[in-house]
Amino acid sequence: MSGLNLDDFATLIERPDPGVRRDAEERRERLGLRPGALGRLDELAEWLAAAQGAVPVKPVEQVTALVFAGDHGVAKLGVSAGPEGGAAVLVKAALAGESAGAVLARRAGARLRVVDMAVDCDPAELPEEVTRHRVRRGSGRIDIEDALTPEEAEAAFRAGMAIADEEADSGTDLVVLGDLSVGGTTAAGTLIGALCGTDASVVTGRGGFGIDDLAWMRKCAAIRDGLRRARPVLGDQLELLAATGGADLAAATGFLLQSAVRRTPVILDGVVSAACALVAQRVAFRAPDWWLAGQAGGDPAQAKALDRMALNPLLDHGVTVGEGTGALLALPLVQAAAALAADLPERLPDRD
């Protein structure tokens, strides 16, 4: 019997401080700029102030770009155009600073943290700090078998929680959440389709690497079969992640929930992080108040998940590469909103 009670999250997670948000709104009204002149940046600053519990809002300086990595057995069906070497190739490129996410993280001054949860390679090929949370080599083929055993799902979920605590304890201001996976968008589409009650065709996208029409049809069939396996376990989010998720997705879900407990704001990247967020919302309905949607990548499943959570993407650039890239593109907007709210002077009171 699992010792993890997901119901506790609904009690532990509170919304960002509404009183502080009101104080931030009142301070905004005292700035020299007319109301609405900064557009959505005002909303971002007020959200961030409420998350921090501080007015004026503090700078967003200590940022972690966190990516959970894993291979998915369903990729064997030809549903992904990912590299032949699997997620290990992506992880090594990120660690070498040669991936899109690594370049943007470096440019933004964010610390890049890669966590191997289920990469299908010898762990000796990767640094120990990357592999120390790994629960298995690759996740199961979700169209015909569970992605994880119940024990593996709980271990991955707890690993995500532990990482959230590590980030909060180290003083991280904000986390950019992404993924490094091959086959991960198929698992994500399955989770979103199951939670939104839609058919496979509605949530089947072209993936991070782009696939042709034949591969899209294979992916759609895999999600259809995955949905048949997901629907009977919709009432238990850990069982759902074990059946049709994967170790990387289970870890990201645990991370999102514990980050909300620890009051750490998170920017979501693409369809994989959106799927994990949607599962987390089922666990604790207030949790999405701690997240921003970085950008719309054009994946239909991502759009469906964000709509269900009422999260409006900051950008719409169609970036599908994963690795936290789309969320990192949105990071400067959040930092700019904080800087403007904190540094713009209040107007002098009128004198008689």
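Reply: A salt bridge is a side-chain nitrogen of Lys or Arg within 4 Å of a carboxyl oxygen of Asp or Glu. The model shown here is predicted.

Me: How many salt bridges does the structure hold?
Reply: Each such pair needs a nitrogen and a carboxyl oxygen within 4 Å. Counted in this way, the salt bridges of the structure number 21.

Me: Which residue forms a salt bridge with E346, and is that partner buried or exposed?
Reply: The closest N and O atoms of the pair E346 and R27 are 3.5 Å apart. E346 lies in the segment after α14 and R27 in helix α2, 319 residues apart. E346 is partly exposed, at 35% relative accessible area. Buried means under 20%, so R27, with 12%, is buried.

Me: Which helices hold R28 and D42?
Reply: The side chains of R28 and D42 meet in a salt bridge of 2.7 Å, N to O. The two residues are 14 apart in sequence, so the pair ties together two parts of the chain: helix α2, with R28, and helix α3, with D42.

Me: What are the relative accessible areas of R28 and D42?
Reply: A residue is buried when its value is under 20%. R28 is buried at 10%, and D42 is buried at 13%.

Me: Where do R40 and E43 lie?
Reply: Their side chains form a salt bridge, with N and O 3.8 Å apart. R40 is partly exposed at 26%, as is E43 at 39%. The two are three residues apart, about one turn of the helix, and both lie in helix α3.

Key
Residues are numbered from 1 along each chain as its sequence is written. This is a predicted model: local features need pLDDT of at least 70, side-chain atom pairs count only at pLDDT 80 or more; totals for chains, interfaces and linings use all residues. Side-chain values use heavy atoms; hydrogens and water are left out. Helices (H or I, at least four residues) and strands (E, at least two) are DSSP runs, numbered from the N terminus. Buried means under 20% relative accessible area, exposed over 50%, partly exposed in between (1.4 Å probe, protein chains only).
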